[in-house]
Amino acid sequence: GISVLIQEVGSRVLSLTISLVLARFLGSDQFGRYSFALTFATVLGAIADLGVDTIVVRELSRTQTKKSILLGNAILIKLVLATCGVLLALFIMLVSSSSTATKILLLIASLALFTYAPTGGLGTIFVAVHTVNFARGFVTAVDLIARIVQISAIGLLLLAKSPLWLILLVSVAVQLVATLIVAKRAV
């Protein structure tokens, strides 16, 4: 109930804080590239979703008898869709006239399709399972901890004047670890 709400608000406040810190320290050019890469991943995530999460939530709430078959099929479909999203990103990068640095950022950001960070990523299937099982608080707690780790790591990288690609890679890696934790408990 209320603790999940507090955790959710905390997670969103930390996400906003991460964005503000990055905007302040990266400057408009670098932050613009960072935002572009994340927006790119979000668009790919929407394409990679195709409503699978909604179907899983509906079917899991109807019956628990074929849960493993349904979940296995959904994971396979989402894995294929996420992989197609990354391949689409690679194709777009090949035909794009963007700089090499921007293409690297887009590739790293597209790897977020294997997490629950962008809308429609592979990991959202595990979030759907937790939602059906009334364990959304676990996902929110993991997300809150991941945001704290993420902002700490980004802060250290900014202080070390690390390149933008490394900051984005660490962000995606933190989300991947969070997704693995959520996935392990979901199956």
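Modeller: Contact, or touching, means heavy atoms within 4.5 Å. This is a predicted model, where local features need pLDDT of at least 70, side-chain atom pairs count only at pLDDT 80 or more, and totals for chains, interfaces and linings use all residues. Residues are numbered from 1 along each chain as its sequence is written, and side-chain values use heavy atoms, without hydrogens and water.

Colleague: Which residues does I167 touch, not counting those up to four places away in sequence?

Modeller: I167 is among the residues that touch the most other members of the largest nonpolar core. Such a core joins buried (under 20% relative accessible area, 1.4 Å probe, protein chains only) Ala, Val, Leu, Ile, Met, Phe, Trp, Tyr and Cys through side-chain atoms within 4.5 Å. With that sequence limit, I167 touches L22, L26, Y34, I154, L157, L158 and S162.

Colleague: How many helices and strands does the protein chain have?

Modeller: Both are DSSP runs, helices H or I of at least four residues, strands E of at least two. From the N terminus on, the elements run α-α-α-α-α-α-α. The count is 7 helices and 0 strands.

Colleague: At what angle do α5 and α6 pack?

Modeller: Helix α5 spans residues 124-132 and α6 spans 136-159. V127, H130 and T131 in α5 meet R136, F138 and V139 in α6. The axes, lines fitted to C-alpha atoms over the stretch in contact, are 7 Å apart. The angle, on a scale from 0 to 180 degrees between N-to-C directions, is about 135 degrees.

Colleague: What share of the 187 residues is buried?

Modeller: The largest nonpolar core holds 47 residues. Over the protein chain, the residues that count as buried make up 40%.

How values were computed
Buried means under 20% relative accessible area, exposed over 50%, partly exposed in between (1.4 Å probe, protein chains only).
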